[in-house]
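Please have a look at the structure first, and then we will go through it together.

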Amino acid sequence: MQALTPYKDAIDIVKEAGGEAFEQCYQCGLCSGTCPWNLVTSFIVRRLIHQAQLGLVDFEDDDLWLCATCGACVARCPRGVEIIDIMRAMRNVVAEVGAAKVPDSLRITAKNIASAGNPQGEAREIRGNWAEESKVKTFTEGTELLYFSCCVPAYDPKVRRIAQATAGILNKAGVDFGILGAKESCCGESIRKAGNESIFQSLANSNIQAFTESGVSKVLVSSPHCYHTFKNEYPALGGNFEVVHTAQYLLELIRDQKLKLTKELNKKVAYQDPCYLGRHNGIYDEPREVLRSIPGLELIELPDSREESICCGGGGGRIWIETKKGERFSDLRLEQAIEAGAEILAVACPYCMLNFDDSVLTMDKGEIIEIRDISELVWGAI
Amino acid sequence: MGGNITAEALDRDERRIGVYICHCGLNIADTVDVEAVANYAGTLNSVAVARDYRFMCSDPGQDLIKNDIKELNLNRVVVASCSPRMHEPTFRKACEAASLNPYLFEMANIREDCSWVHDDREVATQKAKALVRAAVARVYYNDPLEIKEIPFNPDTLVVGGGIAGIQAALEIADSEHKVYLVERDPSIGGHMIQLDKTFPTLDCSQCILTPKMAAVGAHPYIELLSYSEVEEVSGFVGAFKVKVRKKARYVDEDKCTGCGLCQEKCPWTADSEYDVGLSKRKAIYTPFAQAIPNVPVIDRDSCAYFLKGKCRACEKFCETGAIDFEQVDQFIELEVGAIILATGYDAFDPSTISQYGYGIYDNVITGLQFERLSAATGPTGGEIRLKDGRKPESVAIIHCVGSRDQNYHEYCSRVCCMYGLKVAHIVKDKTNADVYEMYIDMRCFGEGYEEFYKRVSEEGVNFIRGKVAKVTDKAVSEEEEGKLVVICEDTLLGSIIRVPVDMVVLCIALEARSDAEEVARKFIISRRADGFFLERHVKLDPVATPSDGVLIAGCCQGPKDIPDTVVQASAAAARVLAMISKGRVTLEASVSHVNEDLCIGCGRCEELCEFHAPKVGIYEKPMPVSRVNEALCKGCGACAVACPTGAISIKHFKPEQILAMVDALAET
Amino acid sequence: MSLEDIIQETKTFYCLDCGKCTGLCPVSRYNPAYSPRVMLENALFGFQDDLTYNHDLFSCLTCYACSSKCPGDVDYPLFIQKARALALDAGQHGDCAHSGTVQSLARLMSNPGVSQNRLEWLSDGLRISTQSDTMFFVGCAPYFEHIFDFDSGAIDAVKASLKILNHCGIEPVVLPNERCCGHDMLWTGDVETFRRLAEHNAAIIKEAGVKKIIFSCPEGYRTFKEDYPKYVDIDCELQHISEFLADRIAENGLDFSEVKRKVTYHDPCRLGRHLGIYEQPRKVIAALPGIELVEMEHNKEESLCCGTSAFVNCDSCSKQIRVDRLLEAKATGADTLITSCPKCQIHFRCAMTNKGEEKGPDVEIEVMDLVNLVANALGDGHNE
Amino acid sequence: MSEFEPSILCFACNWCSYAAADIAGTSRIHYPPNVRLLRVMCSGMVDAEYVMKALEAGFDGVMVAGCHIGDCHYISGNIKAQEMVTRLKKLLHILGLEDERLMLKWIATSEGPIFAETIKEYVEQLKKLGPSPFRKELVT
């Protein structure tokens with residue numbers, strides 16, 4: 001029998017770290033029932049919250065690191081509990097108060113981000129290297145638009161194509177844009193969700209300073225994660241910039257007839273709603289509109305789309321934690337796409353791209369389906 | 001207007017104020033030096049006598065006031081004691097008993113506002129002096145007010161013919177007072193007539209309701225206006241004027257014998273409202289067999305004659321010539337003294353919760369639809385059947401659909417747990433299927449409710465604690481094939497479970513009527529944030545509203561079960577009967593007053609008054625001015641604030657009175 | 001001051017009891033119980049209470065319609081002004097309109113501790129300076145903007161005035177802690193508050209070192225010109241903006257764009273009968289190309305008051321006077337009623353805000369301050 | 001010199017805030033004696049004139065306390081009070097008066113402790129602000 005000896009300090013620490021929302025929970029379990037983890041294994045979200053309520057959190061529990069912050073539970077929660085905040089707060093207690101050990105891969109990533117400003121631990125100087133062949137200038141005072149590619153396309157050669165396609169499109173449309181290269185740091189969204197609040201704060205401050213010094217007023221991002229934090233979290237730290245995601249910006253360019261999509265793509269394309277574009281920011285229609293503008297393209301809907309979309313599994317720092325085969329949401333989702341008859345799975349997030357590329361490889365489906373960012377598809381249609 | 005010297009100037013030296021400081025035992029005297037306060041009061045302008053006494057509210061205390069009024073010729077009285085919310089009526093009565101107009105009395109609250117909340121004796125005494133000084137300053141300007149009464153019209157309007165309206169109407173009519181019962185549907189009966197058995201006693205809803213409906217239909221003191229809606233309400237308690245729209249039935253009520261031939265012959269159909277879409281009815285129809293009145297209506301939206309100009313089959317077959325396609329809406333003017341609103345509720349539409357599959361899967365039904373399936377008068381004759389006619393082998397009952405959920409309704413709908421249990425019992429009883437209740441908390445608080453819960457548990461119903469996440473037809477195992485799979489966390493097991501069933505019953509919430517806002521505006525009452533009508537006091541006055549003479553009963557005030565509805569309806573009826581029995585209405589004396597000389601007729605008062613009391617018109621002066629109907633005025637003062645010229649003031653809350661207090665309170 | 005002193009000072013004893021005043025009085029026309037003649041008579045008989053406790057003491061509009069024609073040269077408005085001070089001593093006051101806000105503000109403003117934020121409306125390229133010899137007196141317009149539930153137009157008139165001055169090459173001094181001129185206080189008998197306000201203003205004007213003050217509000221102008229000298233020393237040239245404009249136009253003309261309007265001009269009592277300025281505003285209007293000026297039946301010396309003064313006793317009689325005046329304006333066929341006083345404009349606009357179902361006669365007509373008319377014609381579209 | 005004690009006038013709606021003050025009293029929840037309550041039938045009854053006269057009379061702070069939005073006994077009196085306060089605040093701002101000196105607060109009948117807490121906080125706030133520029137003793 002476990003004696004109820006609440007670790008009152010734990011309650012306070014979790015509250016202080018921003019997790020006070022757990023007080024509203026009435027333990028209905030809807031979060032557990034909604035959580036995509038339960039499609040592949042078992043993750044009782046409710047229990048974690050109950051533990052937080054009673055001060056009985058087991059900080060050693062690996063479950064603490066499962067949540068991909070996809071937001072499906074939050075959207076449904078009958079009491080409006082900000083479950084992601086609770087997860088973040090509990091992880092914070094581990095990562096910064098030292099209540100337990102942080103998973104190795106995450107610890108290394110955190111160290112990389114803190115020292116090099118990117119999760120890969122690559123040199124800052126080469127952050128802008130992807131742009132060399134795309135003829136992208138450095139952002140200076142007066143440049144209209146800052147393109148912030150996200151660390152993944154900037155450093156990962158497999159995903160670099162997202163940034164390059166975007167730069168190509170912008171050049172073609174005659175947009176006055178630039179990048180800040182070595183002055184950019186990781187946006188910090190995911191490392192914050194992984195509990196490293198202070199790293200996030202310093203990344204955010206560094207970016208805000210860099211943007212402000214360079215006179216940035218509008219930022220274009222490829223990653224919904226950058227979008228989310230720039231738009232919803234930076235303002236509290238004094239960073240007020242107009243933020244647009246490529247899905248929105250491309251649609252704007254198409255509507256303003258600055259882009260003419262002429263090349264046909266006679267394929268069936270399904271679209272994966274990234275959690276941070278969809279549920280977190282309510283952007284569902286723009287990417288679909290962009291895809292529909294490509295001549296010949298047939299857009300098909302996956303089951304569980306839009307608000308009900310299933311996460312790729314890469315949010316909340318999960319992108320840096322190995323997920324066992326058989327437990328990957330992206331595998332499930334890829335199967336859904338193949339079953340729906342899609343020849344291309346369009347994505348709008350570098351994390352989705354990484355996870356789905358991986359699924360295609362490990363499931364050996366490369367012949368049947370390919371993964372493309374919407375910017376790539378548009379670039380191909382010009 | 002004119003060169004007269006103001007009344008105040010003439011008699012301003014004739015104020016004789018008596019001031020009484022109460023010790024309230026030690027409640028006040030412990031903290032406040034009452035003697036010092038009384039001495040101080042004696043020095044104030046126009047104060048003729050100032051005394052302190054142990055308990056002013058006691059009989060000897062009141063006698064003190066009465067005697068002084070007579071012997072010392074007092075014409076104003078101030079008592080400094082507790083809150084006016086406590087004893088103002090007591091002292092007003094005492095003044096009245098001594099032939100002093102009760103509005104010439106003023107109270108200073110030196111207990112709740114002073115002795116009970118401060119501990120420094122000197123500071124508290126200082127503050128008590130200030131409060132007494134302010135009351136004396138105010139009472140100087142108090143005017144005697146006339147307390148007016150008007151006769152009360154003994155006729156009553158009841159809006160809504162569900163169980164609440166029926167109950168209220170019958171109780172009033174049985175005392176031989178006229179009731180107009182307005183029902184917007186073709187028949188009275190409301191939601192209750194759709195129900196099968198009622199929890200927890202399982203008596204048949206129709207069996208207990210239809211005798212009451214028949215009594216309404218035949219009652220000499222009830223005038224039933226079915227298929228009618230209230231258009232306009234004006235007037236005030238005791239003398240409301242109500243305009244009712246009697247919608248065209250296209251059937252002459254006087255000629256129709258209710259034989260039903262027209263319905264038999266009509267070739268056109270629509271979904272039955274009564275059976276919640278589980279069956280069809282004709283374009284000319286009575287909603288159900290026991291309808292009161294038993295006169296059909298033609299539904300224009302499904303009648304071929306109205307849609308395409310052809311058919312008139314009903315007319316051909318009607319032997320009494322009751323069908324009248326030329327009928328138009330009629331307007332009836334009623335005059336009543338009181339109004340009871342019993343407009344009921346709407347059932348929550350669960351299709352907005354897409355993950356439950358209502359409207360997608362045939363065998364996901366609402367609790368109300370289940371009632372129809374289970375009722376002998378329903379489409380299956382009382383057999384519990386799946387859409388394809390099979391008997392279900394397993395049924396899931398999902399609680400809290402649309403309630404206790406801030407995405408839909410935050411409140412608890414109160415009846416769902418119990419009707420969920422009832423559904424479980426009926427399913428067990430009629431099909432012996434496996435039954436699963438997915439609940440968050442079981443709320444079985446009424447008489448016999450917990451016992452019923454126990455009984456249903458003993459019948460082998462499975463209770464799963466958890467809010468359902470999803471209902472799907474995607475099978476992942478053999479036993480799920482062809483079934484609906486209900487997914488949720490069993491929070492007591494702490495694991496996710498998938499329950500394959502044949503039928504899912506959604507315990508949908510009760511919500512405010514979609515037109516509740518319009519109705520509230522019409523009757524000048526308020527609504528809570530959840531949309532239901534707001535009672536005057538949540539605990540102590542649950543049937544009254546801010547509009548005097550407008551009472552509420554039943555689910556229009558919030559979700560409730562039948563016993564509670566009947567109790568509230570009876571209470572509303574009792575309130576009406578009390579007003580009828582008194583026969584007069586005492587009007588608020590502290591009401592708005594327009595100085596017509598100062599009024600410029602701008603109409604700001606008319607525009608903003610929630611109670612339609614002021615009205616700009618051309619009366620004696622050539623220019624328009626505002627006049628206030630004192631019976632409608634509640635004395636809230638909004639008009640006085642909005643008046644640009646200062647023409648409007650509120651009796652007993654005149655600017656002189658308030659400003660005198662402001663100045664007196666400011667002095668140190 | 002005693003009643004006897006008042007009689008002496010206002011030459012009330014010259015009253016011939018002829019009743020001409022009552023015949024000319026706009027208030028007496030609608031309120032037969034009110035008679036200037038009877039008022040004076042009561043005073044002469046020494047019936048002080050009949051005077052001070054008479055509510056109608058505060059109904060007089062002090063419009064000078066009576067005194068301008070008085071054969072005995074009795075200064076009736078001045079008599080009223082002094083008698084009101086007596087009444088106030090006895091605790092009697094008029095019915096303050098608009099919640100007494102205007103009066104309260106003036107009293108609060110008379111406090112030495114006050115440090116106002118009264119220049120927040122300054123924007124739109126309006127230029128002021130601290131060095132100029134010329135000062136512009138803003139008056140109560142910044143407050144008026146938030147007192148009424150309709151657009152008073154007062155602050156727009158101030159902006160228009162500044163635009164005009166800027167256009168004429170003047171970047172005037174505008175004082176950040178200027179007080180109410182005290183006009184309404186003086187005319188409702190609160191001499192003490194008036195004196196304090198006058199002293200504050202005199203001190204800050206002296207400190208600013210200006211030589212000339214321009215007003216767009218005739219009440220401020222009259223108060224500075226006629227009343228301040230009795231209490232304080234203001235060593236400056238004073239000018240109403242209509243005078244300033246008339247001078248400018250006569251000197252070197254101003255470049256106006258065409259104004260396609262038919263207008264009529266309402267003489268504010270303070271500018272007209274109080275100070276005799278009738279022609280300058282008309283000259284300014286006439287200088288606008290394309291404009292047509294038509295006169296109302298009562299104009300210049302015979303002009304009717306707008307119907308309310310000092311925001312007291314605004315009553316049904318006051319409303320009738322306003323309605324009559326507006327109907328008179330409409331009868332000329334003009335599309336715009338021009339006045340040169342923010343208060344006239346407020347009272348007229350107020351008379352048009354009928355919200356009840358019974359609205360009385362249709363009195364809708366555009367009411368505009370002279371300075372707005374002129375500023376709009378200056379063409380750079382600032383106030384359009 | 002003793003600490004500055006601000007004076008507060010609170011116009012309290014009969015149906016809620018005044019009742020809340022009663023509850024504070026019956027529950028013996030102590031609060032500073034700096035406040036004077038003036039009972040009105042509705043916060044919407046409070047005229048701008050009353051507030052300005054209170055400031056003229058030398059109160060350092062004026063509070064208008066009514067029912068929470070949606071709970072008004074007269075349906076919308078509190079909304080009207082809100083409009084009055086908003087407009088009056090603009091005037092007082094021009095006059096150079098600190099925003100805090102006029103406070104609008106919704107306090108329900110049951111919120112006796114909140115009433116007491118509100119008064120406590122307001123007294124602290126006004127202490128920081130110092131005496132009103134319109135205080136009588138400052139007028140020469």
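Predicted model: local features only at pLDDT ≥ 70, side-chain atom pairs only at ≥ 80, totals over all residues.

Let me begin with a question: which side chain of chain B meets Asp22(D) in a salt bridge? The partner is Arg85(B), with a distance of 3.9 Å from N to O, where a salt bridge is a side-chain nitrogen of Lys or Arg within 4 Å of a carboxyl oxygen of Asp or Glu.

Residues are numbered from 1 along each chain as its sequence is written, chains are lettered from A and ligands numbered from 1 in the order in which they are written, and side-chain values use heavy atoms, with hydrogens and water left out.

Let me stay with chain D and chain B. The count of salt bridges between chain D and chain B is 2, and the interface also holds 11 residue pairs in polar contact, both residues being at pLDDT 80 or more. A polar contact is a pair of N or O atoms within 3.5 Å; within protein, one must be able to donate a hydrogen and the other to accept it, and residues adjacent in sequence count only if both atoms are side-chain atoms. On the side of chain D that touches chain B, at least two residues each come from strand 1 (8-13), helix 1 (17-26), strand 2 (35-40) and helix 2 (48-56) of chain D, and helix 1 of chain D has the largest share, with 7 residues. Helices (H or I, at least four residues) and strands (E, at least two) are DSSP runs, numbered from the N terminus. By class, this side of chain D has 25 nonpolar, 8 polar and 8 charged residues, where Ala, Val, Leu, Ile, Met, Phe, Trp, Tyr, Cys and Pro count as nonpolar, Asp, Glu, Lys and Arg as charged, and the others, Gly among them, as polar.

In total, 41 residues of chain D and 42 residues of chain B take part in the contact, which means heavy atoms within 4.5 Å. The area buried between chain D and chain B is about 3,600 Å², with 64% given by carbon and sulfur atoms; buried area is the accessible area (1.4 Å probe) that two parts lose on being put together, summed over both.

Next comes chain B with chain C, where 30 residues of chain B are in contact with 30 residues of chain C. Chain B and chain C bury about 2,400 Å² between them, 53% of it on carbon and sulfur atoms. There are 2 salt bridges between chain B and chain C, and Arg604(B) meets Asp149(C) in a salt bridge at 2.7 Å, N to O.

Finally, I turn to chain A, whose domain assignment, automatic or from a database, gives domain 1 (5-96), domain 2 (106-251) and domain 3 (258-381). Domain 2 and domain 3 of chain A bury about 2,900 Å² between them, 75% of it on carbon and sulfur atoms. Asp357(A) forms a salt bridge with Arg161(A), the closest N and O atoms being 3.8 Å apart.
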